[in-house]
Amino acid sequence: MENFHDLLINRRSIRKYTDEALSPEQVKQILEAALISPSSKSTMSWEFIVIEEKEQLGKLALCKEFGAGPIAGAKLAVVVTADTTKSDVWIEDASIASIIMQLQAADLGIGSCWIQIRNRFGADGTPAEEYVREMLGIPGQYAVLSVITFGHKAEERKPYDPEKTKWEKVHIGKW
């Protein structure tokens, strides 16, 4: 990207990926971005589970009824968890790490998609978080926020149109 603003305009959620694997260097850069992301009081309550094996990705894609399909087609999925005993703002910290990984991927020309896990459910009513926790052996004090999928893009999406920016949502000085 030319600059950060261009990166933001062009970053879109990508749900379809090619069969091309990510390089070890690309995976390292994405994970490093998460590990250096800001966290409240430097608690670094987040932890990440890297999934690259096709069968495991397919099983993980069954975690909720709607919206988890991109996991099965991804070349990499990162499960974003956080130790709820370390920080009262673990949701914010894990969210920041999630989007930082997505921005790093976009800068590398790699597609990504945020798959929400927290407060989502499977077809049988089982919490998606419980499914992911059991599947991956996540300890009890860790909450699962999201799964971020990554891969080379098998679809192109138009950049955001700056003309459609909703400036009426910005309030200066007071509501």
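**Briefing: a predicted protein model, from whole chain to single residues**

The protein exposes about 10200 Å², and carbon and sulfur atoms supply 53% of that area; accessible areas come from the Shrake-Rupley method with a 1.4 Å probe, and for residues only the protein chains shown count as cover. This is a predicted model, in which local features need pLDDT of at least 70 and side-chain atom pairs count only at pLDDT 80 or more, while totals for chains, interfaces and linings use all residues. Residues are numbered from 1 along each chain as its sequence is written, and side-chain values use heavy atoms, with hydrogens and water left out.

**Overall fold and size**

- The protein has six helices and four strands, where helices (H or I, at least four residues) and strands (E, at least two) are DSSP runs numbered from the N terminus.
- Read along the sequence, these elements follow the pattern α-α-β-α-α-β-α-β-α-β.
- The radius of gyration is 17 Å, close to the 16 Å that the globule rule gives for 175 residues, so the protein is as compact as a globular protein of that length; this radius is taken over C-alpha atoms, and the globule rule is 2.2 Å times the number of residues to the power 0.38.
- Along its principal axes, the C-alpha trace of the protein spans about 45 × 40 × 35 Å.

**Burial, contacts and charge**

- Of the 175 residues of the protein, 42% count as buried, a word that means under 20% relative accessible area, whereas exposed means over 50% and partly exposed lies in between (1.4 Å probe, protein chains only).
- Among contacts between residues at least 6 apart in sequence, 79% join residues at least 24 apart, with contact meaning heavy atoms within 4.5 Å.
- The mean positions of the 21 positive and 25 negative charges are 6 Å apart; Lys and Arg count as positive and Asp and Glu as negative, while His and the chain ends are not counted, and the place of a charge is taken as NZ of Lys, CZ of Arg, CG of Asp or CD of Glu.

**An annotated stretch**

- For residues 10–152, UniProt lists "domain: Nitroreductase" in an unreviewed entry; its positions are given in the numbering used here, feature names are shortened, and annotations may be inferred rather than shown by experiment.
- Over residues 10–152 the chain is 36% helix and 21% strand, and the end C-alpha atoms are 15 Å apart.

- Gln26 lies in helix α2 (residues 24–35) and is buried, with a relative accessible area of 17%.
- Not counting residues up to four places away in sequence, Gln26 touches Leu108, Ile110 and His152.
- Ile100 is found in helix α5 and is partly exposed, with a relative accessible area of 27%.
- Leaving aside neighbours within four places in sequence, Ile100 is in contact with Ala33 and Ser37, and the C-alpha atoms of Ile100 and Pro38, which are 62 residues apart along the chain, are separated by 9.3 Å.
- Glu92 is found in helix α5 (residues 90–107), where it counts as partly exposed at 44% relative accessibility.
- Although Glu92 and Lys75 are 17 residues apart along the chain, their C-alpha atoms are separated by 26 Å.

**Residues in loops**

- Glu52 sits in the loop between β1 (46–51) and α3 (54–60) and is partly exposed, with a relative accessible area of 47%.
- Not counting residues up to four places away in sequence, Glu52 touches Val27, Leu57, Lys75 and Leu76; Glu52 and Val27 are 25 residues apart in sequence and 10 Å apart in space, C-alpha to C-alpha.
- Most residues other than glycine have a negative phi.
- Met44, in the loop between α2 and β1, has a positive phi of about 45° although it is not a glycine, and Met44 is partly exposed, with a relative accessible area of 44%.
- Asn119, in the loop between β3 (111–116) and α6 (128–136), has a positive phi of about 65° although it is not a glycine.
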